[in-house]
Every structure is written in structure tokens, then in C-alpha cells.
Amino acid sequence: MATVDLLKHYIEYITSLTVLLTILLLVGPILYTVRLERSIAAKTIPLSGVPGCRRLGLTGRSNLSGQHEQQSSSNDGGPRVKALFTYPIKSCRGVELAAAEVETTGLKPKEGFKVGFADAFPVNILGLASVRATDAQLPPSADVKGKLDARRFRANIYVSGIEAFGEDTWKKITVGRRIGRDKDGLYECDAEYHVACRTARCKLPNVDPDTGIKDSNEPYTTLGKTRKVDKGAYPHPCLGMQTIPLFERGIVRVGDVIQVLESGEHCYEKMFA
Ligand SMILES: *[C@@H]1O[C@H](CO)[C@@H](O)[C@H](O)[C@H]1NC(C)=O
């Protein structure tokens, strides 16, 4: 009889609320730590070979991979197309191309998305030397200093072979070829672009194109000090140029020579008063 009583008493004891709570408090954190360690371990598993996953960042194949070493390089035979990007959905990751068809509304993405006037104007052009010069102007304390990525500025055509901010004075250029048709059939010739105005900048370049993490200041703060160069765009800083294809159908390739047909002063026309 005594053993049964003792057992009853024991069961009562371990089912009492205080004891249950004590057990939970002791075992809970241990289980949680184990789970946490597992999820951290999962994150450090190398992604290659995991279906549906891909590494972030510039791949070795990107034509912008060497952008940090490349300073102003007017020694490599004048302006050239260094890299091409389309943005299938606005604000989304750019898609790098080796060649692109160009329509009046901009570079045609490979995937067949229809994008018109992706960011106010059809084609955004930016010199890599301008990005490097902006990087050099960043304060030493800036996290992005020394590694400011040109992709933050979401240009369609990245240009090598010009001095920093050399594109600022372009008014008419040719890049790639355009295709036309007349009574004798199809023909092709230099594709002309009207350089409409400087590209006014918002804070979006503060966002890292790989991680989506936004720096609270740079490069916007520095651009605000050094690149309020267009009184029409004021109070916005400017970097790069907005251009309009002067043809219906053309093609542009990495490595294409850029000819500057006209240069001169620019003053941004306010779109919204
Ligand atoms: C870089 O440019 C070359 C042409 O010079 C091209 O063949 C290659 O595919 C480009 N790379 C990417 C990632 O587009």
C-alpha cells in the first residue's frame, strides 16, 4: 500500500504547475540554442550545387568585375561600351548582356519583358571613371569607400575610356548600329542618340545591389556636396546622362566604340514643376 501512495504522491508532484514550469524553463533554452545553431549552420553551407540557389555579387564573368582597378582610362582608345544592363522590372536586379537590341523606348531585355522608359528616359549612360571619382570623394569613414559599385547607379550602358564626368557635356553620340529600310531594302548605319540631360539622383544608389541593404548616407551625401552641377535639376545631385535613341531599331554590343558628335552645355528641364 505504501508504494502506491508514494507513486501517487510522486505523480502529483511532477504534474504540479510550478514543477512543469521549472522543467520548461530549463529545457526550453537548450532546445532553442540547438535550433539556432542548426539554422546558422544551414546559412553557411556553400550554395553551389544547392538547387534553386545562386551566389550573390558580381560573377567572374561580369564585364564590371574589374571596375575597381580601372581608373580613368582615356588611354584605351577613347570611349567604349564596357558593360550593358537591362532592368526587366523597375527596381529589380539588373540583367547583364553582351549585346542588346535597342528600340525607341530603350534596351530590349532578353526575357521578352516589355519595358518602356524604364526610368524617365529610354537609355541611361554612365562613365565608370565618374563612379571611381565619386568613390574617391567619399569620406574615409564611409562603409562603401573603395568599393562603390557602378551597378548602384542602374545605368544601361557603362562607358570606359573617358575622364571622370566626361559624359556631362555630351549632346549627341553614336553607339552601335541601327537598322533601317528604304525602297532598296534593309540597310544599317551608326546608331545616333540624343543626350537629353543629366541623370538626377535620388537615394536609391545608397542601396547595395547585392544585399539590398541601404547605407544611411553614402554615396548620396557626397553626391549632394559635389554633384549639384545642374541648376535645372536642383536640389538633386546628378551622375550619368539620360539619352534617347534617334531610331526605331538598333543593336549595341560590349566593346562598341562611342563617337561624340556634339558636346556642349546642359541644363535639366524640370519634368514636374
Ligand atoms: C562581357 O563582354 C563580352 C564581349 O566583350 C561578352 O562576350 C561577355 O558575354 C560579356 N559578359 C557578360 C556577363 O555579359
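A residue is called buried here if 20 or more other C-beta atoms lie within 10 Å of its own. By that criterion, 29% of the 273 residues in the chain are buried. The model is a predicted one. Its secondary structure comprises four helices and 11 strands. Of the contacts between residues at least 6 apart in sequence, 72% link residues at least 24 apart.

The largest nonpolar core contains 39 residues. Leu-84, Leu-126, Ile-157, Tyr-158, Val-159 and Val-175 have the most contacts inside this core. At least two core residues come from each of strand 1 (80-86), strand 3 (99-103), strand 5 (123-127), helix 3 (128-137), strand 6 (157-160), strand 7 (170-182), strand 8 (185-200) and strand 9. In soluble globular proteins, nonpolar side chains tend to be buried together.

Helix 3 has Leu-128, Ala-129, Ser-130, Val-131, Thr-134 and Asp-135 as its buried residues. These buried residues pack against strand 1, strand 5, strand 6, helix 4 and strand 9.

The loops hold several backbone features. Arg-154, in the loop between helix 3 and strand 6, has a phi near 45°, a positive value in a residue other than glycine. Arg-154 counts as buried because 22 other C-beta atoms lie within 10 Å. Phe-165, in the loop between strand 6 and strand 7, is not a glycine either, and its phi is positive at about 65°. With 20 other C-beta atoms within 10 Å, Phe-165 is therefore buried.

Two cis peptide bonds can be described next. One joins Glu-218 and Pro-219, with omega about 5°; Pro-219 is in the loop between strand 8 and helix 4. Another runs from Tyr-234 to Pro-235, with omega near 5°, and Pro-235 belongs to the loop between helix 4 and strand 9.

Ala-233 also sits in the loop between helix 4 (220-226) and strand 9 (238-245). Ala-233 has 21 C-beta neighbours inside 10 Å, so it counts as buried. Not counting residues up to four places away in sequence, Ala-233 touches Arg-198, Ala-200, Cys-238 and Tyr-268. The C-alpha atoms of Ala-233 and Cys-267 are 7.7 Å apart, while the two residues are separated by 34 positions along the chain.

Finally, the ligand is surrounded by Arg-61, Ser-62, Asn-63, Glu-96, Leu-97, Ala-98, Val-254 and Gly-255. Sorted by class, this shell consists of three nonpolar, three polar and two charged residues.

How values were computed. Residues are numbered from 1 along each chain as its sequence is written. This is a predicted model: local features need pLDDT of at least 70, side-chain atom pairs count only at pLDDT 80 or more; totals for chains, interfaces and linings use all residues. A residue is buried if 20 or more other C-beta atoms lie within 10 Å of its own, exposed if 12 or fewer, and partly exposed in between; C-beta atoms are placed from the backbone. Two residues are in contact if their C-beta atoms, placed from the backbone, lie within 7 Å. A nonpolar core is a set of buried Ala, Val, Leu, Ile, Met, Phe, Trp, Tyr and Cys residues joined through C-beta atoms within 7 Å. A residue is near a molecule or strand if its C-beta atom, placed from the backbone, lies within 6 Å of it. Ala, Val, Leu, Ile, Met, Phe, Trp, Tyr, Cys and Pro count as nonpolar, Asp, Glu, Lys and Arg as charged, and the others, Gly among them, as polar.
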